[in-house]
Amino acid sequence: MADLSKEQYLALYRQMFEIRRTEEQLAKAHQAGLVHGACHTYVGEEAVATGVCAHLTAKDSVFSTHRGHGHALAKGVPPREVMAELFGRVTGCSRGRGGSMHLFSPEVGMMGTSGIVGPCILQATGAGYSAKLMNTGAVGVAFFGDGASNNGAFHEGLNLATIWDLPVIFVCENNMYATEIAFSYATRNTNMAERARSYGMSAVAVDGNDVLAVYQAADEAVRRARAGNGPTLIEGKTYRTRAHSEGMPSLGTYRTQEELDAWKARDPISTYKAKLLQSGAAAESDFEQIETAVQRLVDESFEFAKNSPYPDPSTVSNHIFSAS
Amino acid sequence: MRELTYTAAAREALAEEMARDPSIFVVGEGIGQRGGNFNTTTGLYDLYGPMRLRDTPIVERGFIGMCTGAAMTGTRPVVDFMFVDFILDGMGELINQVAKIQYMSSGRLKMPMVLRGSIGISGASATHHSGSYYPLFVNIPGFRVVVPSNAYDAKGLLKTALRGDDPVMFLEHKALFNQKASVPEEEYFIPFGKAAIVREGTAATVVALASMIRKVNEAADTLAKEGVNIEIIDPRTVAPLDIETILQSVHKTGRLLIVDENFGPCGIGAEIAAQVTARGFDDLDAPIQRLNGVHTPTPYSPPLEAAVVPNSAQVLQAIRDLLAE
Ligand SMILES: Cc1ncc(C[n+]2csc(CCOP(=O)(O)OP(=O)(O)O)c2C)c(N)n1
Ligand SMILES: [Mg+2]
C-alpha cells in the first residue's frame with residue numbers, strides 16, 4: 001500500500017464517496033425530471049478522477065468529456081454547483097447554459113466537460129503549451145474514454161505533446177465500451193499504453209478501480225510533467241456500472257450480467273474501504289463520520305439546486321464576445 | 001392510409017433502397033445491431049450484416065473520408081452521423097473533398113453519398129447536440145441539402161437522395177422524429193428543388209422549414225378564424241431552392257415572411273429575401289421580414305433554450321406585423 005498519512009487516505013475515500021453520492025442523487029433527480037438533458041454518470045469509475053486530481057492544484061487545468069461529473073467534483077467544483085447546473089439553474093457552475101456536458105469552472109481549473117468526444121485531448125495539450133511557454137509549473141490533464149482513443153484527436157494530441165515535451169497527463173478511462181461498441185471491436189491493439197509509447201511518450205496501465213494505483217501513477221506523471229520531462233498517458237482500466245446515459249438500459253445487450261456483477265464486486269469505493277479497515281489505516285468510525293458529512297453535503301446541495309432560480313431569458317445572448 | 005412516424009418513414013426508404021441496391025452501405029456509431037441511436041437502422045443489420053451496416057469507432061473525419069473514397073469507387077455510402085454537430089469534425093473532408101470531386105474530375109467521378117442525421121433544438125440538448133448548420137452547406141457548391149418537415153416528405157426525399165449521384169445532407173429535426181403522417185404503401189419519390197405549398201392563402205406568404213412548419217400552421221389557424229388566409233410554403237430542400245414557387249406565391253400575396261429556427265445572418269431567409277427582392281420587387285407590398293432563432297450558442301436551461309427558438313406567439317406576431325405594414 002502507498003505510504004500516505006491517514007488524512008490522505010481518508011481524503012481519497014471522501015472524494016470518491018462524494019462523487020458517488022452526488023451522482024446517485026443526480027440519477028434520481030433525472031428520473032424525477034429535474035435534470036433536463038442527458039446525464040452520463042461516472043458510477044464505478046470514481047477512483048480515476050480521484051487518484052489523479054489529488055495531485056492537482058487550481059492552476060492545473062482539467063479538460064473532460066461527456067462523462068465528466070466526477071472530474072469536475074474531484075477538481076473542486078462544489079456538488080451544489082454541479083447539481084444546480086444539471087437542474088438548469090443560474091447558480092450552476094455554467095450558470096445554466098451548459099448542463100452535464102458543459103461544466104465550466106475555470107476558478108478551480110475545470111476547463112469544461114464536452115458534448116463532443118475528442119477535443120479535451122487537444123485542449124489539454126494546449127494547456128501544457130501555455131504552462132511551458134509561461135513557465136508556470138502547471139500541468140494540463142485530459143480525461144477521456146477508450147472510444148476517444150480511436151479518434152484523430154487522440155493521435156494528434158499525443159504526438160504534439162510528445163514532440164514538444166509538454167507537461168500533459170492523458171488519462172484514458174478504459175471502461176471497455178464506447179456507448180455499446182466494445183473497445184476490442186474498435187481497435188486491434190487494445191493495449192493503450194503501448195499505443196501511447198509508439199509516439200515516444202511514457203505510459204502506464206493501472207487498475208482504474210484501485211485509487212491508490214491511480215494515485216501512484218499520477219504522482220509519477222505529474223512529477224515528470226512538472227520537471228519538464230514531458231507527457232504521460234495513464235490508462236485506468238475500469239467499468240461504468242450504470243447505463244451509458246441515464247434512461248438507457250443499464251445492462252443492454254452488449255454486455256453480460258456476469259461481467260457487470262464481477263465489476264460491481266470490484267467497486268472502487270467499497271474495496272478501498274475494506275482495504276483501509278483491514279490494514280488498520282482507518283477505523284469504522286472514520287468512515288461513518290465521512291459518510292454522514294458527505295450525505296449532509298449532498299442533501300444540502302440538492303436543496304440548494306432545487307430551490308435556485310432559473311436564468312433570466314433576457315441574458316441569453318450575453319458573453320458571446322468578451323465585452324458583454 | 002397507414003400512418004408512419006418520421007423516423008419509420010425514413011427507415012422504410014433506406015430499407016427499400018438497400019434491398020434494391022447491394023452497393024448501398026451505412027456507416028455510423030451504433031447503427032449495426034443496436035439499430036442507431038435514433039432507430040434509423042432498426043432491423044437492417046439482421047438482414048444485411050456488418051459489411052452493409054458498419055459500426056464505426058468515433059471517427060467522424062475518418063468515416064467521411066473513407067466514404068468519399070468508397071463513393072468514388074463504385075459503392076453508395078450512407079453516413080449516419082447521429083447529430084450534425086459531430087460531422088463538423090469532418091468539415092475539411094466535406095468541403096474540400098466530397099463537394100468538389102465531381103467538379104474536379106469533370107464529371108467523370110460521381111459522389112453518391114448521403115449524410116443523414118439529426119439537427120435542431122429540442123429537449124435541453126445543449127450546444128453540442130442542437131446545431132442545424134444547413135446554411136454552411138448551402139453556401140458550398142456541390143451539396144444537396146434536404147430538410148424534411150414530415151414523414152411523407154422524409155420518405156420520398158430520402159428515396160431520391162439514395163437514387164441520386166450527388167452528395168446529400170439529409171437533415172432530420174429531432175422534434176419531428178415521432179410525428180406521424182400518412183405514408184402510402186406504394187413507392188414514390190419527391191424531387192429535389194420542388195417546394196410544397198402546405199397551405200393556400202392570399203394575405204401573406206410564409207416560408208418555413210422543418211419544425212417551424214407546425215408553428216406557422218398554428219398561427220395560420222388563429223388568423224383563419226379572423227378571416228385572414230396565409231399561404232405557407234415548405235421548400236423541403238434548401239439546395240436546390242425552389243424560388244419559383246415562392247415568387248409565384250409572393251406575386252399573389254405581396255408579402256413575405258421567412259421563419260427559420262436557424263441563425264439569421266447569411267441564412268436561408270437572407271438568401272430567399274435577396275432572390276425575391278431581385279426578381280419579385282414589383283410584387284412586394286411590404287418589406288420582406290425574417291423570424292429566426294436567436295444568434296447565440298444554444299443554451300441548456302429550459303427557459304434559456306425556449307428563448308432562442310421562435311415560438312408560435314412570435315410567429316403570429318410576426319405575421320400580424322407583416323400584415324400591418
Ligand atoms: C465527435 C462525437 N462523436 C460521437 C459522439 C456520440 N457519443 C457520445 S459518448 C460516445 C461514446 C464515448 O465512448 P468513450 O470515449 O469510451 O467514453 P465512455 O462513454 O465509455 O465514458 C459517443 C459515440 C460524440 N459525443 N462526439
Ligand atoms: Mg468507454
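**Ground rules**
I number residues from 1 along each chain as its sequence is written, and chains are lettered from A and ligands numbered from 1 in the order in which they are written. Because the model is predicted, local features need pLDDT of at least 70 and side-chain atom pairs count only at pLDDT 80 or more, while totals for chains, interfaces and linings use all residues; side-chain values use heavy atoms, leaving out hydrogens and water.

**Entry 1: where the chains meet**
I began with the contact (heavy atoms within 4.5 Å). It takes in 35 residues of chain A and 31 residues of chain B. I then looked up the buried area, which is the accessible area (1.4 Å probe) that two parts lose on being put together, summed over both. For chain A and chain B this is about 2,400 Å², with 65% of it on carbon and sulfur atoms.

Next came salt bridges (a side-chain nitrogen of Lys or Arg within 4 Å of a carboxyl oxygen of Asp or Glu). I found one between chain A and chain B: B:Arg34 pairs with A:Glu180, and their closest N and O atoms are 3.7 Å apart. I also noted 11 residue pairs in polar contact between the chains, both residues at pLDDT 80 or more. A polar contact here is a pair of N or O atoms within 3.5 Å; within protein, one must be able to donate a hydrogen and the other to accept it, and residues adjacent in sequence count only if both atoms are side-chain atoms.

On the chain A side, helix 4 (79–86) and helix 7 (183–186) each supply at least two of the residues that touch chain B. Helices (H or I, at least four residues) and strands (E, at least two) are DSSP runs, numbered from the N terminus.

**Entry 2: the sheet in chain A**
Which order do the strands take? I read 1-2-3-7-6 in an open sheet of five strands, with parallel pairing. Two strands pair if DSSP finds at least two bridges between them. Strand 1 (61–63) and strand 6 (202–207) of chain A are the edge strands, each pairing on one side only. Three bridges join strand 1 to strand 2 (residues 140–145) of chain A, and A:Ser61 stands opposite A:Gly140. Helix 9 (residues 211–226) of chain A packs on the sheet, at about 165 degrees to strand 6 of chain A. For such angles, axes are lines fitted to C-alpha atoms, for helices over the stretch in contact, and angles run from 0 to 180 degrees between N-to-C directions.

**Entry 3: the sheet in chain B**
I found another open sheet of five strands here, in the order 9-11-10-13-14 with mixed pairing. Strand 9 (196–199) and strand 14 (289–292) of chain B each have a single partner strand, so one side of each is left without a neighbour in the sheet. Strand 10 (residues 204–208) and strand 11 (residues 230–234) of chain B run parallel, joined by four bridges. B:Val206 has B:Ile232 as its bridge partner.

I counted 37 salt bridges over all chains. In one of them, A:Asp267 meets A:Arg20 with the closest N and O atoms 2.6 Å apart; these two residues are 247 residues apart in the chain.

I also checked the backbone. Most residues other than glycine have a negative phi, and most peptide bonds are trans. B:Ala239 and B:Pro240 are joined by a cis peptide bond, with omega about 0 degrees. B:Ser106 has a positive phi, near 50 degrees, and sits in the loop between helix 5 (101–104) and strand 5 (114–119) of chain B.
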